[in-house]
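Student: Could you take me closely through how the parts of this model are packed against each other, beginning with the place where the chains meet? I would like one connected account with the angles and the residues named.

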Amino acid sequence: MNYPIWDLPAPGLLIAFVAIVHVFISHFAVGGGLFLVLTERKARREQDAALLAYVKAHTRFFALLTLVLGAITGVGIWFTIGLVNPAATSSLINTFVWGWAIEWTFFVVEIAAAMVYLYGWDRLPASTHMTVGWIYFWSAWLSLVVINGILSFMLTPGGWLTTGSFWDGMLNPTYLPSVIARTAVAVGLAGIYALLTARRQPDPALKETIARYAILTWVAPMAIVLPLSIVWFVVAAGAAGVPVREIFGAEQPSWNAVVDVLVRGAQQGHPVAQWALRASLVAAFAALLLSVSVLLRRGRYGRPLVASLMLCAFVAFGAAEWMREDLRKPYVIGRYMFVNGVRVGNGPVRSAAAGALNDTFTVDSLNATGVLPATIWRRLPAESALTPAAQLAADGREVFRVLCTQCHTIDGYVAIRPLVAGASPLAIDATLARLHTWRGRRMPPFTGLPEERRALAVYLATVGGMSAGDAARALAPAESEDEGHTLFETNCSMCHGRDAQFPFSSFAPRRRSAQQLYEMLGRLPQVNDMMAPLEASEAQRRALADYLVRIARDGKGEPR
Amino acid sequence: MTPVLPQVDPVPWPAPPIVFWILLMITSTLHVIAMNAVLGGSIIAVVSRWAARSGNPHQARLAALIGKAMPVSIAAAVTFGVAALLFLQVLYGRAFFSSSVLMARYWMAVIPLVIAAYYAAYAIARRPERKGVALAIVCAVALVAVAFILSNNMGLMLRVEALPGLFARDARGVHLNVADRTMVPRYLHVLFGALGTAGVLVSVFALAFRKRDPAFASWMILCGAAWFAAATVLNFPVGLWWMGMLPTDTLEQLLGGNVTAAVLLAAGLVSILVTMALLAVASQAHEPAGWVAAAAAGLAVGLVTMLLTRDFVRDEALRNAGLTPPAWIVPQWDLMSLFAVLLVAAAATVTWMILRLRRPVSPL
C-alpha cells in the first residue's frame, strides 16, 4: 500500500518461523545467563569440580547458540518485519527508536559480556568471572524488558492512542504480566537446555544432580509462574479491549466457557488462535510429563527423551507466541493500524496533528479516494489488453493483493479459494461490505471505493471457479430478478448456500412456515450470535421468507 | 508529478534529524571498520592459508591470527550494523524499506549467509592452526555475498524513481541493482576498501609481536602494507569509475560545486595516499610503531571522509527524489538523555571487562 508488498505466499508465516526460532533461543539467552552464573556460584561454593566443568562446557554451547543463531535471527526479525510490514515497522520505529537505541546499549554489553565470560573461564579470577556473568544476565534481561514493551504495545497500545507518549506505549496494560511470563519462560528454558548438554555427561551421578537441579530449581518455577502470568496477561488484554472471549469463540463471558470451547471446539471466533492455544497447552503438558520422567529416571536420560522435551517446549512456546500474535488480529498495532497497513484513523496522530498531515492510508481516506489510486505500487495490465470483465477481475486481483495477501493465500495458508468456491459475486460483495463483523472472524473492514469492492468480488468469484464475464454479469442483477433470491444471495448464501458450510437445507426448512421464517429473520442474532441482524424492510423480509419456503418446497436446494 | 516515494509516516520523529544523522555516521563508521576487518580479513585469511601450503610459516600464523580474531570481529560488525540499520531506517526508511522489498529474496538471504560465515568463523577459531582452507573459503564466500547484497540495496534505495517500475514488472523480491551503472564500481570499491583496511589492521596487529617475534612482526607489517597498497592501487581507478557513473549534478558538486563535499573527497584521497606512504615507511623502519599508528590514523580519517562523501551522494539522490525530513518532530529529550547515559555506561562496562580479560592469567 504505502510501501511495496512482497509477493510471497503467507508472509506472516515467514515472520512466525524466524520469530519462533529466535524467541526460543533469545529467552534461553536470558535465563541461560542466570543459570550459568548461579550454577557456577553453586559449584564453587560446594567445591564441586565436576559441576564446574559442566558449567564451563555448557558456556561454550550457550555462547555458540545465543551469540550466533540467537543474535543473527534477531537481526532476521528486523529484516523480516521491514519486508513484510514496512508501514508498521516505520510507525514502531518512529515511536520507539529511543527504546531500541537503549536496548542496543544493553545488547552491546550482553554480547561483550558473553564473549568475556566464555573466554574468561581460564583467564579471570573467579569473582571477576562471576561478576561478568551477572553483567551478562542483567543486560540480557534488561534487553528483554525493553523489547517486551514494544511487543506488548502492539497488542495493547493503551494510553499511547490518545497521548502519543513513549511511556504510555511502553508501560501498556499487558506490559507487566508479559515481562513476568517471559522471565518465567527464560528461567524454565534454561533448565530444559541444561538437560540438553547434561545428557552427554558420562557420570550418571552428575547427570542426576543436574537433572534434579535443572527441573526442580528452574523448570518447576516456570510451571507455576507461567500459567498464572498468562491468565493475568489474558485478563489484562481483555480489560484493555482485546475481545479474548470472542476470539476463542466462547458464547459466555466465563473461563468455563473458554475451557469448554478449547475442549469441544467452536464454530466461531478465530480458528488459528484456538488451534494455537490448544497446541500450546497440549505441548506444555507433555513437556511437564517428560520433565517428571527425566526426574524419575534419575541419571538415565538420553537424546530421545531430552529431544522430545525440547520439541514439546518449542511447540508450547511457539504456539503461545502464535496465539499472542493472533489475539492482535485484525490489527498489527492494536486499534491503530490494521494488519494490511490501513490505519484506523484515530490515535495521537489524529489528535495532535489534525490538519497538519494528510494521511492517505486511513479507512476514511481510502473509502473516499480508493485503494488503488492511493498506492504507487500497482501491478495492473494495460487497459486496452483486456475485456471490461477481465479488466474488472484484474483490478480485483490487485485490490486482493494490496488488501488481503498479508494473511490470505489462494490455496495455502488461510486459503481464500475454499471460502469463495461456488459463491456468487453478489454474496461475496455483500460479505466484503460487512467483513469486519462477519462471523466474528476479526477481519479488517474493506477499505476502498464500492467499485473496487465489486472488482474484488468479481476476482474472488473467478478464484471460486466462475468466469470473469459471468461474475461481472452476476453483479448487475436483471430487473426481473426475484427479490427474495437477491436478498438470499446477498445476505445468506455465503454461509447457507448449497455448497457452503451450513447449507439452508440442513436446518429442516420444510417444517417452518413463511411466517415462522419471517419472524426468525427479524431476530437473527438471537437465533445464532454468529449472524448479523438482517438489514431489510418488512417487505424484503417477507420476500426472503417466501423465497426460503419456495426453495425448501421445491427441494432443489438453494443456489450459491 | 507522480510521487515515487511512500508517504511520510504520520507518527512524529522523536528527535531532530541532525541527531539521527550524527548517530548514523558514528555507528556506520564503527560498522564499516569492523565490517572491513571481517570481509577483508576473511579474504586475506584464505590467501594466507593457501600460501601457507607452500611452507611459509608466517602465512600460516597470520591465517591463524585472523581466524582467532574473526568471531569477535563479526560480533562487532553485526552489533554496530544493527544500530546503523536502526538510524538508517529512521532517516531513509521510505526509500530503504521499498528497495529492500524489491530485493527481498536476496535481502533475506543475508541472514543464513551471516550465520554460515559466523559458525565457520567459530569453527576456525576453535582450531585456528589447522591447515584446511575449506572453512575459510566458506566464511569468505558468504561474507563476499553478504557485501554484494548490502551494496546492492544501498545502491537500489537511491534509485527511487525506478522502484515502482521494477515492482510493476515483478513483485517477488528478485530485483538486484544490476541496471544501475554504479553497481559494479560501488561493490568493487567496497571489496577493495575492505581489503585495504584489513591490510592496515594486519600491520597494526603486528605491533603486538614486536618484542616476542620481531621477524614475524616485520613480515606482518610488510604483508599488511602490501595488501593495503595493492587494494588501494586497484581502488583508485575503481573510485574514478564510480564517480564517472554518478549523475552529472552530483559529480559537479563533488568536483567543486559544493565546497564541503569537494573538501571531503579531497581529504579522503589525500589521507589514503598519506596512509600508503606511512605504511611504506613503517615496513622499512627499525621502530615502526609510530609510523603504523600514524598510518592507522590516516586510514581512519580516510574512512570517515569517504563515508561522509558517500552520505553526501546519498543525500543528493534522495533529496532530488523528494525525500526530506518530516515537518512534525516531537523530541523525546528524556529518552535521548537516558540513551546517552546508558551508552557511556555500556562503553565503560565493556572497556572494564576487556581490560580485565587482558590481564595476566590467574588460576581459577
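**The interface and the helix packing**

Tutor: Across the interface of chain B and chain A, zero salt bridges are found by the rule applied here, and this, like every value that follows, is computed from a predicted model. The size of an interface is often given as the accessible area lost when the parts come together. For chain B and chain A that buried area is about 7000 Å², with 76% of it on carbon and sulfur atoms. In terms of residues, 75 of chain B are in contact with 78 of chain A.

From the interface we can turn to helix pairs within each chain. Two packed helices are described by the angle between their axes and the distance between the axes. In chain B, helix α3 (residues 104-126) and helix α4 (residues 134-156) have axes that come within 8 Å and cross at roughly 150 degrees. Angles over 145 degrees count as roughly antiparallel, and α3(B) and α4(B) are therefore roughly antiparallel to each other. Their crossing is left-handed. On the α3(B) side the contact includes B:Y106, B:W107, B:L113 and B:I124, and these belong to a set that meets residues of α4(B), among them B:L135, B:C139, B:I149 and B:N153. Sorted by class, the contact of α3(B) with α4(B) comprises 21 nonpolar residues, one polar residue and no charged residues.

A second pair in chain B is formed by helix α2 (residues 57-102) and helix α10 (residues 289-320), whose axes come within 11 Å and cross at roughly 40 degrees. The two helices, α2(B) and α10(B), are therefore oblique to each other, and the crossing in which α2(B) passes α10(B) is left-handed. The contact is made by B:L88, B:Y92 and B:A95 from α2(B), together with B:D311, B:R314, B:D315 and B:L318 from α10(B). By class, the residues of this contact divide into four nonpolar, no polar and three charged.

In chain A, helix α4 (residues 126-155) and helix α12 (residues 303-328) have axes that come within 8 Å and cross at roughly 45 degrees, and α4(A) and α12(A) are therefore oblique to each other. Here A:L151, A:M154 and A:L155 of α4(A) make the contact with A:R324, A:L327 and A:R328 of α12(A). The contact of α4(A) with α12(A) has four nonpolar, no polar and two charged residues.

Two details of the backbone of chain A complete the account. Most residues other than glycine have a negative phi, and most peptide bonds are trans. A cis peptide bond, with omega at about 10 degrees, joins A:K329 and A:P330, and A:P330 lies in the loop between α12 and β1 (331-333) of chain A. A:A10, although it is not a glycine, has a positive phi of about 50 degrees, and A:A10 is found in the segment before α1 (11-45) of chain A.

How values were computed. Residues are numbered from 1 along each chain as its sequence is written. Chains are lettered from A and ligands numbered from 1 in the order in which they are written. This is a predicted model: local features need pLDDT of at least 70, side-chain atom pairs count only at pLDDT 80 or more; totals for chains, interfaces and linings use all residues. Side-chain values use heavy atoms; hydrogens and water are left out. Axes are lines fitted to C-alpha atoms, for helices over the stretch in contact, and angles run from 0 to 180 degrees between N-to-C directions. Helices (H or I, at least four residues) and strands (E, at least two) are DSSP runs, numbered from the N terminus. Angles under 35 degrees count as roughly parallel, over 145 as roughly antiparallel, 65 to 115 as roughly perpendicular and the rest as oblique. A crossing is left-handed if the near helix is turned anticlockwise from the far one by less than a right angle, and right-handed if clockwise. Contact means heavy atoms within 4.5 Å. Ala, Val, Leu, Ile, Met, Phe, Trp, Tyr, Cys and Pro count as nonpolar, Asp, Glu, Lys and Arg as charged, and the others, Gly among them, as polar. Buried area is the accessible area (1.4 Å probe) that two parts lose on being put together, summed over both. A salt bridge is a side-chain nitrogen of Lys or Arg within 4 Å of a carboxyl oxygen of Asp or Glu.
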